[in-house]
Amino acid sequence: MSQARCNYHHGDLRNALIIAAAELIERDGTLDFTMAEAAARAGVSAAAPYRHFTDKEELLRAVRQLAILGLGNRASKTASLHAGGCIEGILALGHTYLNYAREKRAFFSLMWEDRGNIEEIRENVAQDHGGFMILVGAVKAFCEHNSNTAIDGVRLATQIWSMTHGVATLEASQLINLFDRSIEPEALLDQSVRTLLIGATEHQKL
């Protein structure tokens, strides 16, 4: 029995439908499911989803929030395996991001794709942050250990996130090694992040 059915039997149809939709995306690697398919997977009638969602787009918005939370949970687990302030922990967070983008490609696309609701995406990510504030904490701790002056941790973390997201997006598009066939995503990211972190802290010491 699927998790969706279990949740429905506990009386939470809305969450059961969200999980059912997520299971269909996970199974097929695409967003091309129908509301009827989500209903069938949750074990309810084809009309039942419309008690909670006006259409498929609204259901997908709920799934997107689940995907953001999933990335955040992975980031939290990764951070817990490393001492605060170490560069290895920051690099590991980058690897976690890349792996999530690979393993959950359809979800990753859904998280960032503008489907006519960019303001809602901004609000959702700002609230649940998908692990970004964990990265900010790791970057701030690194800077505190390696610099005598204050460094804007949010700005530096945003630079790292931008690089990481760029690498993940280029890899997903099969373009990361377009001009250099020797490129390996993790190695490229590690080198870039190390250069950025060391450059920022060394600059402040001058």
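Helix axes are taken here as lines fitted to C-alpha atoms over the stretch in contact, and the angles between them run from 0 to 180 degrees between N-to-C directions. The structure is a predicted model, in which local features need pLDDT of at least 70 and side-chain atom pairs count only at pLDDT 80 or more, while totals for chains, interfaces and linings use all residues. Residues are numbered from 1 along each chain as its sequence is written, and side-chain values use heavy atoms, with hydrogens and water left out.

Helices are DSSP runs (H or I, at least four residues), numbered from the N terminus, as are strands (E, at least two). Helix 5 (residues 87-103) packs with helix 6 at an angle of about 105 degrees, and their axes are 5 Å apart. The two are therefore roughly perpendicular to each other, a label for angles of 65 to 115 degrees; angles under 35 count as roughly parallel, over 145 as roughly antiparallel and the rest as oblique. Contact, meaning heavy atoms within 4.5 Å, joins Y97, Y100, A101, R102 and E103 in helix 5 to R105, F108, M111 and W112 in helix 6.

Helix 2 (residues 13-28) and helix 3 (residues 35-42) meet at an angle of about 110 degrees with their axes 8 Å apart. This makes helix 2 roughly perpendicular to helix 3. On the helix 2 side the contact involves A16, L17, A20, E23, L24 and R27, and on the helix 3 side E37, A38, A39, R41 and A42.

Aromatic rings come next. Rings of Phe, Tyr and Trp (its six-membered ring) pair if their centres lie within 6.5 Å; planes under 30 degrees apart count as stacked, over 60 as edge-to-face and the rest as tilted. By this rule there are 4 aromatic pairs. In one of them, the ring centres of F108 and W112 are 6.4 Å apart with planes at 75 degrees, so the pair is edge-to-face. F108 and W112 are 4 residues apart in helix 6 (residues 105-112), a separation of about one helical turn. F108 is buried at 7% relative accessible area, whereas W112 is partly exposed at 24%; buried means under 20%, exposed over 50% and partly exposed in between (1.4 Å probe, protein chains only).

W112 also forms a tilted pair with W161, at 5.7 Å centre to centre and 55 degrees between the planes. Because W112 lies in helix 6 and W161 in helix 9 (residues 153-172), this pair ties together parts that are 49 residues apart in sequence. W161 is partly exposed, at 28%. Y97, F108, W112, F132 and W161 form one aromatic cluster.

Turning to cysteines, the structure holds 0 disulfides, a disulfide being a pair of cysteine sulfur atoms within 2.5 Å. The sulfur of C86 has its closest cysteine sulfur in C143, 13 Å away and too far for a bond. C143 is buried, with a relative accessible area of 5%.

Finally, one backbone detail deserves a look. Most residues other than glycine have a negative phi. Q174, a residue other than glycine, has a positive phi near 60 degrees. Q174 is found in the loop between helix 9 and helix 10 (185-205), and at 67% relative accessibility Q174 is exposed.
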